[in-house]
Amino acid sequence: MRSIRAAATGAVILSLALAASACGGGSSTGGGSNDSPKTLTYWASNQGASIEVDKKVLKPELDKFEKQTGIKVKLEVVPWSDLLNRILTATTSGQGPDVLNIGNTWSASLQATGALLPWDAKNFDRIGGRDRFVDSALASTGVAGQDPAAVPLYSMAYALYYNKKMFADAGITRPPATWDELVADGKKLSKDGKWGLGAEGSNVSENIHHVFVFAKQHGADFFTADGKPDFTAPGVVAAVQQYVGLMAKDKIIAPGNAEYAQNQSVSDFAKGKNAMLLWQSASANLKSQGMSEDDYGIAPVPVQSGTPGAGRNVNSMVAGINLAVFKNTDNLDGATEFVKFMTSDAEQKVLNTAYSTVPPVRTAQSDAAFSAPDTSVLKDTLAKSAAALPQVTDESQFETAVGTAVKELFADAAAGRPVTAESVKAKLAKAQQQMPKK
Amino acid sequence: MTTPTPRSPMAPPRAFLWSRRIFLTLLTGFVLLPVYVMVSSSLKPLADVTGRFRWLPSELTVRPYIDIWSTVPLAKYFVNSLIVAGAATVCSVVIAVFSAYAVSRYDFRGKRVFTVTVLSTQMFPGILFLLPLFLIYVNIGNATGIALFGSRGGLILTYLTFSLPFSIWMLIGYFDSVPRDLDEAALVDGCGPLRALFRVVVPAAIPGIVAVAVYAFMTAWGEVLFASVMTNDTTRTLAVGLQGYSTLNDVYWNQIMAASLVVSVPVVAGFLLLQRYLVAGLTAGAVK
Amino acid sequence: MTTTTAPAGGPAVDTSPSGAAAGGPRRRTGRLRRIGLPYLLLLPALVLELLVHLVPMVIGIVMSFKELTQFYIRDWGTAPWSGLDNYKVSVDFDAPVGEALLHSFLVTVGFTLLSVGLCWLIGTAAAVFMQDTFRGRGLLRALFLVPYALPVYAAVITWVFMFQHDNGLVNHVLHDQLGLTDKPSFWLIGDNSFLALLTVSVWKGWPFAFLIVMAGLQNIPKELYEAAALDGAGMWQQIRRITLPSLRPVNQVLVLVLFLWTFNDFNTPYVLFGKSAPAAADLISVHIYQASFVTWNFGTGSAMSVLLLLFLLLVTGGYLALTSRGRRTAA
């Protein structure tokens, strides 16, 4: 008796649920409209020292936009910890903003969802044409050969920041240009509780950015030309081993850095605990921590030999933020207009100055505001020796799997366990098996 | 008197007293250590909290307490959290009281199915229904115009159901321990069942109800996962809002600690007020 | 099961309590209302549970049979059915995904058992020790509730602050001041992370057990203690013979919900370790979160959740069967 009743109840619940899920699945698939031409919702990423700082930077610009076009922009600055989840749920439900910032490494993954407006020639024409943007920045807007899923907004590149006084004290006269030099300098600097270099060992994304560049320098790639993961290629193994080896073998990174994931290495650098730091656009950050611009120098990230350039002499990923339009926006024209506004020369100057980033727009880049020594290093790197992270749809899986593998290797190194080619290869093989099968 | 049932009129033996002293001292240390760290760190300059740990601040500063309000719109998050957790608690307790009364005092078809189903919802991993729930809210919004997603209402609804199953279960237990003679007497006196519930059973189960209310409040107060997806700028709650102190640049440890303290003080104060009821021993009094 | 058993071993009263009140011409409407009333009382809870728990869960189960990757999430009604593929991947313990899931599962089981045991032990001990009045009891009781009253994020981030390798209090005390370790240990990465997680979980969790047991102690009739005292039972014996057995109904629910919550706890490990937890502390909730939200494979994530749900159903069913049998024989 009882079980029959239970089964009946269960059946009712199930059918109710199925009915609900049937209507639940079909989120709006519309291609965008102009139903509400007077408002826009914009999700900005957290670029400044805090969310409030971002609001202060963006508000006046959005007011300008409203004055010009009569369109009111509702701004929400979404913290990085929430941004990707918010985008995912927005994608699933169709309830999202009209315009949004995305990390440029997410471009291909988000492109695959089909939720973002593709920037074909026609759309590009409405914001002044594709040619306005720097090539390296455009390379991080989606899978090659497809219409970009977003347009570049801010660009960043890695550079080597070094503490001038610590260098002088150790008798080092110029920043290292190769890794051998960096290791040699680092050994001179690592003493008395101070260390040569800082790293974010538990930060999965940072790990990826670095091992990607090392792999390039070893002539290897994490993915084959047709987009298959190839994490155990000898060059890749050597790259990961070299990076983690800075702590494990060369001992120029403090073991404590293995647990860093919240930019502690930057504040270590600002406090003079580390003499060197590999970071993207750290100036504003260092300034907010009370480090004067005269105290540190900025140089290109080292290479294996020679000078930074293409191919094996790549020394940075193309880092940056892209601006995307949600396909089912109900103010398509306004959204496009807003992208045009944000990528205009004038706005690019204002915004990139505020965030100490480099404008991905050619004409804005040549402005005098971006010729200060630190910006010019970043600009040079972006122009000559930066490569885009693999634009594959499985990028987020790649970041998680490999980034975590490197994190675990750092943990090994910090605990004093050796990091050998075998242990690296084993971790990478495991990471590769976790990638989705096609 | 509001003391709970004392064990016996005899004085406790020495061994008992000593083990109590040692145990409670150690426990107090364990509980207070992080609290001390919070308080002392909140009064330190940033350099102190990003450097080697020190027991005492190198200099006392109230700067973090001023800065917290401008780094993150803390006041707004706090109000949001209060509204969401408060409303969720009230609704959850009222609904749980009704359900528990029905289960405790009536025999009806489907009772077993109900209690087992309710309990089983406690097993659902949040991850499993985060996305579906989001879809349901969006679709309800599209169909009826009731904005559940992104609104406080949606969050209240979610949180109250989080605490509901356990609240019902606990209250069934508490209601069962209230002697039936009491409400049956009230019914004989001509009270309706609902009046018997609110005049007799509820007052007798106050400690249980307060415990359940506290639980419902804390469940809503601390939840991170759903809040991070279901709120936006204007409805964000403290649980996610506090993460704003860990920015792209730096972790403002001293501000995190200051903010945590500021938002905890009212809650802890509320606890202190309520714990009188928790130990009021009303049930024991009612039996006599 | 538990709810249908009457408290304190007495027989279940099955007659409606309003039976005596009804009579005369109002009899029929009275009976109708009597039958309808319990359902009416349950209605709000039922509707809400359906909306927020049951329907989403069924949708989740449906999802677990679909290939729900980023290519399809935008309109997941059109995602292809994948049959049992998601489940096969999850339980293939020889392959990395299944192996990692199994590892995470075992870690979670060990962690949950330890955490629940400690929470219950500390909570009960504290409640029992604080049953009698003594000076400062009110203050202590207030202090003990503080971990529970702090927002999870605030509490856990404080522990992160304390567990830091270079700047944390824990290493400062253990290494710098007491010299117990020859070099500072790592708490947030590597094998010690399990200990760190356990500490935080117990610190946050035990006050709840304390609260519930304390409330349970209120309902023990004074007469029982007095009778025991007359029989010459000492303090310890009173605790063992009266307090603990009387707490049984409370404990039965308490241990079960502590188990379920700890098992499914997401907030603590997530704030402590972020999106990718160290292997030694890779709790299943974060593991599944990673599988679904970080790598965008909601199908596999859902399948893992369903497996987890099945396991918990099994455990809960077994637990209830066991405890209610134990109770029946005891009565």
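Mentor: Two residues are in contact here if their C-beta atoms, placed from the backbone, lie within 7 Å. The model is predicted.

Trainee: How many residues does the contact take from chain B and from chain C?

Mentor: Apply the 7 Å cut-off between C-beta atoms. On the side of chain B that touches chain C, the classes are 70 nonpolar, 23 polar and 11 charged residues. The contact takes 104 residues from chain B and 101 from chain C.

Trainee: Now chain B against chain A. Which helix of chain B gives the largest share of the side that touches chain A?

Mentor: This contact takes 29 residues from chain B and 31 residues from chain A. On the chain B side, helix 3 (63-71), helix 5 (111-120), helix 6 (126-144) and helix 11 (225-230) each supply at least two residues. The largest share is six residues, and it comes from helix 6 of chain B.

Trainee: What is the make-up by class of the side of chain B that touches chain A?

Mentor: Gly counts among the polar residues in this tally. The side of chain B that touches chain A has four charged, 12 nonpolar and 13 polar residues.

Trainee: On to chain A. Which strands stand at the edges of its five-stranded open sheet?

Mentor: The strand order is 2-1-3-10-4, with mixed pairing.

Trainee: Which strands of chain A does helix 3 of chain A touch?

Mentor: Helix 3 (residues 80-93) packs on the sheet. Its direction makes about 120 degrees with that of strand 2 of chain A. The strands touched are strand 1, strand 2 and strand 3 of chain A.

Trainee: Which element gives the most to the side of domain 1 of chain A that touches domain 2 of chain A?

Mentor: Domain 1 of chain A is assigned as 39-156 + 319-387, and domain 2 as 158-317 + 394-433. Their contact takes 19 residues from domain 1 and 20 residues from domain 2. On the domain 1 side, helix 4 (107-113), helix 16 (373-385) and strand 11 (386-387) of chain A give two or more residues. The most, seven residues, comes from helix 16 of chain A.

How values were computed. Residues numbered from 1 in each chain as written. Chains lettered and ligands numbered in written order. Predicted model: local features only at pLDDT ≥ 70, side-chain atom pairs only at ≥ 80, totals over all residues. Pairing = 2+ DSSP bridges. Helix = DSSP H or I, 4+ residues; strand = E, 2+ residues; numbered from the N terminus. Axes fitted to C-alpha atoms, helices over the stretch in contact; angles between N-to-C directions. Domains from an automatic or database assignment.
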